[in-house]
Structures are given as C-alpha cells and as structure tokens.
Amino acid sequence: MFSSEPNSGTTAATIIPSKASSPSQSWQNAMKNAIRCSSELLRFVGLPDRSEDLNSAEKLFAGGDPKPFPTFVPIEFAKRIRRGDPNDPILRQVLAVSEESVESPGFVSDPVGDLLSSQSGGILHKYSGRALIVTHGACAVHCRYCFRREFPYAEHNAQKTQWAEAIDYIRNDSSIEEVLLSGGDPLTLSDAKLEELINSLASIEHVKRIRIHSRLPIVIPQRITDKLVAVLKEAEAMVWFVIHSNHSHEFDSSVADAISKLRRSGIPLMNQSVLLAGVNDDIDTLTDLSNTLINLGVQPYYLHQLDHVRGASHFWVPPETGLQLVEEMRSRLPGYAVPTFVVEQPGESSKTVVR
C-alpha cells in the first residue's frame, strides 16, 4: 500500500488511497462481515484453495487442549493484502498454516504468565503502579501469533460483572495510578460502554492515566468515531492510546485519517510491534514502519520479541537478529523513531529490555 524511495539511508512511506469497503459501512457491520475461514480468505486474495490443509490448523485442537483459534479478518484489512502473493506480510499474520500444529519446546498456552497475575473481575496485576483490565474477549482480527490465543476469556473478563469488580479492585488499591484497557480489544465495546468504563475509572482519585491498547485503528479504522474521540479527549484522567502494527503495508489513507483524528484531539499515540519471521525481520521493513509511524505522529514504543505461545513458533526470530536490526535502525533513524526491543518474562517486575 506504499511506495518507497531511498532518502539518506532511510525509506519514506507514501500513503495511497484506501481500497477498503465503502466508508458507509459501520465498524459493527465490518465485524459482522469479516472473513471467518481460511478458504474464504484464500479466495479473497486470489490464491489457490488449500483449505483442507489450512482449516485443519484452525481446528487443530478442537475438543481438546488447547482450544481452536479460528480465522477472523475484516474485509478492510484483507483488501490491503497483495493479491496472488502467498508471502504477503499481512496475509502471513492472519492465515492459519499447518506449522501451527508443530509442538515446539517452551511454546506454551500462557507464555507471559497472565493467569499467575489474574485477580477477580478480569484484572491482571503484574507491575507496580499499573493494572490491566481484560475488558472482554472479542478482537477485530485474529493474529496467528497472538499471545492470548488460548486465554480463558470466559472465566477472566471484566464484562461479566459490568466492570464492577474491576473498578472496586482498582479503587481499593491506591498504588494503581495507571489502568490499561486490553482484551481482546477494548474498542470492540460500544462508545457508550467505553464512556461508562472510562468515566468510572477516571472518577477514582488515584487513577491518573488510562492506556488503551487496540488494533482497531489499523484493521477497522472507521471505529475511530467522533463520539469515541470526544470520550477520550474529555476524560478526567489522561488517556494514552497504543496501536499495534507490524508492517507499513497495514496503513492506507483510511488508517491515516483515523490516526489523525486521535492525534488532532491531543491524545498521545504509541505503537507496539512484534518481531515476526517472514513479516518484518529485515531492516528495510522495520525502518519503513518507523518512518510511517512518525510521519503520522505515532511514537514507535516497543518492538516485542515473540512470546512463546503454542502454535506460533514458525514466527520466531532469534533475539540476536533482533538486536542487530535495532542497532541498524539507530544508524538510519532519529532516536525517537527507534522502538525499545523487549521481551515479557513471567514474574518479572517490568518488560525486559533485550541486550
């Protein structure tokens, strides 16, 4: 979706018009109309149907442990995949493949220790001064490397009690200054529900910041409604917004417009990426992504070493490679455009910087 030309050792990304569905389609309808199986996805992008092989990956553990992880890809996102290209970096993130059946040592169902830090009411409390609310389990896209692909959302989500238990937990712990809204994806909640939750959190005296982690501005950009922007802008607590993108091809003009609406409202924007084999494990791709982000006013925040979640070992990139790539990024980009290379380790007091 971008054209790039060399520019003093870096690449400059140019956003081209969106090929997404009609802007009249609401984000709710975009969720309803999403692609839900591998064969449909392959047909959509003009590739041969290998559904017998690929659908087995989606249903690999059906009836057993772990749970199946079905395909879910919004049309808006799928239209950014290059037709006929089996190695497209967006397609690789969302297409179920037979490699997911490979049992790799150390790749487990709960790679970051979420369940060890789980509290009642859908709270994950790992780090000092911060707590995370698992708002609910719905996502707007199923990324095949997702570290919560086996998370038991039915037992651990705050929506079960309409966030009452989560609010009480945070209200009763005055050390919590920052609350993260995650899931799933918190932006799959309605504007009204988000407003209710954000206002409840902001009314707690010791909560100074609310951080929203969402893939929606990337995969279904029309989710960034005027009402949502107003809710975030007018919140009593400071709202920070973290998007998740891994490749510059994920951006088109509709995504740029959504990000611009947030940025113009004064909401700080950051991006998290995951280092993924065959997607962004080369210097030109990572540099192009950072340039795209900073040109849109988004701070490159973290580049994550892949979490060891079962079914995702084919995305693994050795940390030594990641370190070399980050070092090369420093030679091409200003310091603020280089993300911090981190890994999440269960039981640690923070993300661990990879050195």
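**View 1. The largest cavity and the elements that line it.** Strand 9, helix 11 and strand 10 each give at least two residues to the lining of the largest cavity. The model is predicted: local features need pLDDT of at least 70, side-chain atom pairs count only at pLDDT 80 or more, and totals for chains, interfaces and linings use all residues. Residues are numbered from 1 along each chain as its sequence is written, and side-chain values use heavy atoms, with hydrogens and water left out. Helices (H or I, at least four residues) and strands (E, at least two) are DSSP runs, numbered from the N terminus. A cavity is a set of points, on a 1 Å grid over the protein atoms alone, where a 1.4 Å probe fits but cannot get out; lining residues have an atom within 4 Å of a point. The largest cavity holds about 70 Å³ of space; a volume is the space filled by probe spheres set on the points, with grid points joined across faces, edges and corners. Among its lining residues are Asn271, Leu286, Tyr302 and Met329. The lining divides into nine nonpolar, three polar and no charged residues. Here Ala, Val, Leu, Ile, Met, Phe, Trp, Tyr, Cys and Pro count as nonpolar, Asp, Glu, Lys and Arg as charged, and the others, Gly among them, as polar.

**View 2. Strand 10 and its neighbours.** Five of the six residues of strand 10 are buried, so the strand is largely enclosed by the rest of the structure. Buried means under 20% relative accessible area, exposed over 50%, and partly exposed in between (1.4 Å probe, protein chains only). Strand 9 (residues 269-274) runs parallel to strand 10 and is joined to it by five bridges; two strands pair if DSSP finds at least two bridges between them. Gln272 has Tyr302 in strand 10 as its bridge partner. From strand 9 the chain passes through helix 11 (residues 283-295) to strand 10, a right-handed β-α-β crossover. Right-handed means that, with the strands pointing away from the viewer, the path from the first strand over the helix to the second runs clockwise. Strand 11 (residues 340-343) is also parallel to strand 10, with three bridges between them, and Leu303 has Phe341 in strand 11 as its bridge partner. Strand 10, helix 12 and strand 11 make a right-handed β-α-β unit.

**View 3. The loop residue Arg310.** Arg310 lies in the loop between strand 10 (299-304) and helix 12 (319-332). Its relative accessibility is 16%, so Arg310 counts as buried. The side chains of Arg310 and Glu150 make a polar contact (3.0 Å). Such a contact is a pair of N or O atoms within 3.5 Å; within protein, one must be able to donate a hydrogen and the other to accept it, and residues adjacent in sequence count only if both atoms are side-chain atoms. Arg310 and Asp110 are 200 residues apart in sequence, yet 8.4 Å apart in space, C-alpha to C-alpha.

View 4. Strand 5 and strand 6 pair in the parallel sense over five bridges, and Ala131 stands opposite Val179 in strand 6.

Terms used: 1 Å grid on protein atoms, 1.4 Å probe; cavity = no way out; pocket = protein on both sides within 12 Å on 5 of 7 lines; lining within 4 Å.
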